[in-house]
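Please find below my notes on the model under review. They are set out as numbered points, for reading alongside the structure.

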Amino acid sequence: MSRPDDSRYLKGGPVAQRIIAAVREDAAIAAAEGFPPKLVSITVGDTDAVDVYVRNQRAKAGLAGIGFEERRFAADITAGELEAAIHGLNADPRVTGIIIQRPVPAHVPIKILQAAVHPLKDVEGMHPASIGNIVYNQLDLAPCTAAASVELLKETGLELKGLEVVVVGHSEIVGKPIAFLLMSEGATVTVCHHMTRSVAAHARRADALFVAVGKPRLIKADMVKPGACVIDIGINSETGPDGESRIVGDVDTESVKEVASWITPVPGGVGPLTVAILLRNTMVALNRQRALYRATYGVADKLAAE
Ligand SMILES: NC(=O)C1=CN([C@@H]2O[C@H](COP(=O)(O)OP(=O)(O)OC[C@H]3O[C@@H](n4cnc5c(N)ncnc54)[C@H](OP(=O)(O)O)[C@@H]3O)[C@@H](O)[C@H]2O)C=CC1
Ligand SMILES: Nc1nc(=O)c2c([nH]1)NC[C@@H]1CN(c3ccc(C(=O)N[C@@H](CCC(=O)O)C(=O)O)cc3)C=[N+]21
C-alpha cells in the first residue's frame, strides 16, 4: 500500500471533539434557561474497562458543561436496592440521564435494571422501548458504542449499501445494535459469537469487520481481508512490557494494520467517540424532557398569565 501507516488509523478524537463542542453550546443555552443537564453513572462492583469509561465520562462531561455524578455500589448490593436507587433518580428532576455501567455482578439481573430506568432518562438506549426503536430505525437515542462504531465506518467514505460486514460479538449493548444499525444502512451483516464454527472464515470475507468480544489480539492479520476496514471496540486492561498497565483492543493492531486499509486504534478510536455520543444523548434526553414539561405545564402557564 502506498499510503503512510498513519492514514490507516481511523481516529475517534477529532469527531468526538466536534460533537463535544456542539454539546457544550447546547448545554450552556439549556442551563441559562434553567435546565442544567446532569448525567448520573451507576457502577456496581469493580471492572477495569468501566473505570476507564467513567473517568472519561467525568472529564468530558466537565468540558461539555454537563453535570456528572458517579454512584458507586458494593458488589453485594441487592437488585431491589439498586432498583430503588434508580427509581429515586427517575423521580429527581435535576437528573437528566442515567447510565448503568456493565457488567454488573451475576446476582443482579441487568435487564431489570435497564427496564427500571425511565425511557426519557435512558441515555444509552438500553430500555426495552429504546432497543425497539433501533429495529424501527429511530436512532436519535441509539446505544453509544454502536453509534460510535458505525460513525467511524462512515468516516471511510465506503458505500454501506451492499457492504459485506461481519460483527464479532453479539452483546445487547454492542454487537446486536451494530448489526441493526448497519442493516438499516443496507449492509449485508453476519454476526459471529462464541458458538460460531469458524470466526476466521467469516471475518476473512468482510469489507468491514467490527470486533466487540473483550479478548486481546483475538483478531490476527490472517483473519482480515486485504483492504478491509477494521473497527476494534474491545477495551482490555493488561500489563505492558514496561510493567505498566495499559489498554488494548481485541485486534492485533500491529499485524492487522499491514493488511487492512483502515483500523481504529485502541486507545484513541471508538472509545472517545462513545463518550461524546453519550453526552450528545444526554442533550437529546434533556430536550425530550423539556418538550414534555412544556406540553404538560405550558398551557397552565398561559392560563396563569391571562
Ligand atoms: N469502546 C467502547 O466504547 C466500548 C468497549 N467495550 C468493550 O468491548 C468488549 C465487548 O464488550 P461487551 O459487548 O459489553 O461484552 P460481552 O461480554 O457482553 O459480550 C462479548 C461477546 O463476545 C462473544 N464472544 C466471546 N468469546 C468469543 C470468541 N472467542 N469468538 C467470538 N465471539 C466471542 C460473546 O458471545 P456469547 O454471548 O455467545 O458468549 C459475546 O457476544 C469489551 O472489551 C468491552 O470492554 C464495550 C462497550 C463500549
Ligand atoms: N453500560 C455500559 N456502556 C458502555 O458503553 C460500557 C460499559 N457499560 N461498560 C464498560 C465499557 C467500556 N467502555 C469504554 C468506553 C470508552 C472508553 C474510552 O474513553 N477510552 C479512551 C480512553 C482510554 C484511556 O483513558 O486510557 C480510548 O479508548 O481512547 C473506554 C471504555 C464503555 N463501556
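1. Strand E1 (residues 38-44) and strand E3 run parallel and are joined by four bridges. Within this pairing, Gly97 of E3 is the bridge partner of Leu39. Strands here are DSSP runs of E with at least two residues, helices are runs of H or I with at least four, and both are numbered from the N terminus; two strands pair if DSSP finds at least two bridges between them.

2. The model is a predicted one, in which local features need pLDDT of at least 70 and side-chain atom pairs count only at pLDDT 80 or more, while totals for chains, interfaces and linings use all residues. Residues are numbered from 1 along each chain as its sequence is written, with chains lettered from A and ligands numbered from 1 in the order in which they are written.

3. The open sheet holds three strands, ordered E2-E1-E3, with parallel pairing. Strand E2 (67-73) and strand E3 (97-100) each have a single partner strand, so one side of each lacks a neighbour in the sheet.

4. Ligand 1 has 26 residues around it, of which Gly169, Ser171, His193, Gly214 and Thr274 come nearest (near: C-beta atom, placed from the backbone, within 6 Å). Helix H10 (residues 270-305) supplies the largest share of this shell, three residues.

5. Ligand 1 lies between domain 1 (13-122 + 272-286) and domain 2 (144-269), because both give residues to its shell. The domain bounds come from an automatic or database domain assignment.
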